[in-house]
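Please look through the structure below before reading on.

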Amino acid sequence: MMATVRTYASFGARISNNITWKNIKGERVLSHGVRFMSSVPSFKASDLHIDFCPPEQLKSKPAVKDLVFGRNFTDHMLKIYYNDQSGWGKPRITPLQDLRLHPAAKVLHYAVELFEGMKAFRGVDDEIRLFRPGKNMERMNRTAARSSLPTFDSEELIKLLKKIISIDQEWVPHTESSSLYIRPTMIGTEPTLGVQRPTEALLFVILCPVGPYFASGFKPVSLLADPQYVRAWPGGVGMMKMGSNYGPTLEIQKQAEARSLHQVLWLFGPEHRITEVGAMNIMVFLDKGNGERELVTPPLDGLILPGVTRDSILSLARQWKEFTVSERDITMAEIVQAKSEGKLLEMFGAGTAAVVTPVGEIHYEGQVIKIPTMEHENPLTQRFFDAIKDIQYGRVKSEWTVPIE
């Protein structure tokens, strides 16, 4: 059955809930009947104007050992303005600078915004590559449609990303322990109050060199699983990459840290279904008996962000054909039972920032569930980490990587 449809005439768009794009006779259709028809021409990379940062304003680059995630930014940024009357403006690369916003800007009052997270890697051959950027652009457009923000041509933004990275390429670390994090963002900027879709928007991109996401390195983390808190719910926007999914989680993360735990394992429903871990997708590796093993991750049912790393891991696992790969519900009861029967082999988070993060224990309803993720020979978690890093840093050739030049 087709979901309820709302019309946004000035974007030439109609959308309803759900998450994947298909093309049907020129119309962009989200899976499960979600439709988005755009009549707004996209910005063009060929219209780019560049204002280079003056030499005297170029910043010194921090040592790799001093990199902290999201703290250091490159010299330039990309900005593209939109308004209903004239559509997308011309892209501009400028020196990194503060934004000027009216205090009534929609983003400040109604959280009309979205963002993406992706990386560029300096390979072992010194070539700089993006990792599956088309996936990020698809997700960004889906979130824009759901947020009443304008969409764009993914390939045009990828061209612009290549250009700004090329300009700031010396900020891409010369080491395999680090990379250049890319943060495309779109915000509603119309300077009016009132719960209405914005008629003005700004798409901008900032870049920052980053080291390992967790300072402790590739070590198992501990999780708080408290069923009284949920990250997302049916009919909501858990599958979208928007800040309003993250801000409300920070207090619960603080509670986990107060108990000397690293992250939150988000549960949903009376059966305590596992959904995500922190800001990552979650994977569980089980022994099914009789020599059968199963890699399980929750399905993309609207609660789960369709992560690029998640998709990459599932693709690799299906290529390997060594075990069953399942996108299905998994509950805490199944986790507890698998642990008691010695069948809980591994658990790990998957996301752009850390690639994969092994899980060592879950604190759940007075229990501490120990997980031997990194305690046996050649753990699957490590294999996925190594396989993806080999692709990202150019040791293994793959169609998933896109050179910037």
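What follows is a guided reading of this structure.

The model is a predicted one, in which local features need pLDDT of at least 70 and side-chain atom pairs count only at pLDDT 80 or more, while totals for chains, interfaces and linings use all residues. Residues are numbered from 1 along each chain as its sequence is written, and side-chain values use heavy atoms, with hydrogens and water left out.

The chain contains 7 helices and 24 strands; helices (H or I, at least four residues) and strands (E, at least two) are DSSP runs numbered from the N terminus. Of its 405 residues, 53% are buried, where buried means under 20% relative accessible area, exposed means over 50%, and partly exposed covers what lies in between (1.4 Å probe, protein chains only). Taking contacts (heavy atoms within 4.5 Å) between residues at least 6 apart in sequence, 70% join residues at least 24 apart. The accessible surface of the chain is about 18,300 Å², and 50% of that surface belongs to carbon and sulfur atoms; accessible areas come from the Shrake-Rupley method with a 1.4 Å probe, and for residues only the protein chains shown count as cover.

Consider next the nonpolar cores, each a set of buried Ala, Val, Leu, Ile, Met, Phe, Trp, Tyr and Cys residues joined through side-chain atoms within 4.5 Å. The largest has 35 residues, and those with the most contacts inside it are Trp88, Phe152, Leu157, Ile165, Ile182, Met186 and Leu203. The elements that give two or more residues to this core include helix 2 (133–146), helix 3 (154–167), strand 13 (179–188) and strand 14 (200–210), and helix 3 gives the most, with 6 residues. Leaving aside neighbours within four places in sequence, Trp88 is in contact with residues including Val40, Phe43, Ile80, Tyr82, Phe152, Met186 and Leu203. A second, separate core has 24 residues, among them Phe131, Val355, Leu380 and Trp400.

Phe131 lies in strand 12 and counts as buried because its relative accessibility is 8%. Not counting residues up to four places away in sequence, Phe131 touches Lys119, Phe121, Asn136, Val308, Ser312, Ile388, Ile391, Gln392, Trp400 and Thr401. The C-alpha atoms of Phe131 and Glu399 are separated by 9.2 Å, although these residues are 268 residues apart along the chain.

Phe131 also belongs to the lining of the largest cavity, together with residues that include Lys119, Phe121, Val308, Val355 and Gln392. On a 1 Å grid over the protein atoms alone, a cavity is a set of points where a 1.4 Å probe fits but cannot get out, whereas a pocket is an open set with protein on both sides within 12 Å along at least five of seven lines; in either case, lining residues have an atom within 4 Å of a point.

The largest pocket has a volume of about 890 Å³. Its lining is made up of 38 residues, of which Tyr213, Tyr246, Gly278, Ala279 and Ala353 lie nearest its centre. The elements that give two or more residues to this lining include strand 13, helix 4, strand 16 (263–268) and helix 5 (308–320).

Helix 4 (residues 250–258) holds Gln253, which is buried because its relative accessible area is 16%. Apart from neighbours within four places in sequence, the contacts of Gln253 are His262, Gln263 and Val264.

Finally, some backbone angles deserve attention. Most residues other than glycine have a negative phi. Ser260, in the loop between helix 4 and strand 16, has a positive phi of about 65° although it is not a glycine, and it counts as exposed because its relative accessibility is 62%. Ala111, in the loop between helix 1 (106–110) and strand 10 (113–115), has a positive phi near 55°, and Ala111 counts as partly exposed because its relative accessibility is 36%.

Methods. Points joined across faces, edges and corners; volume = space filled by probe spheres on them.
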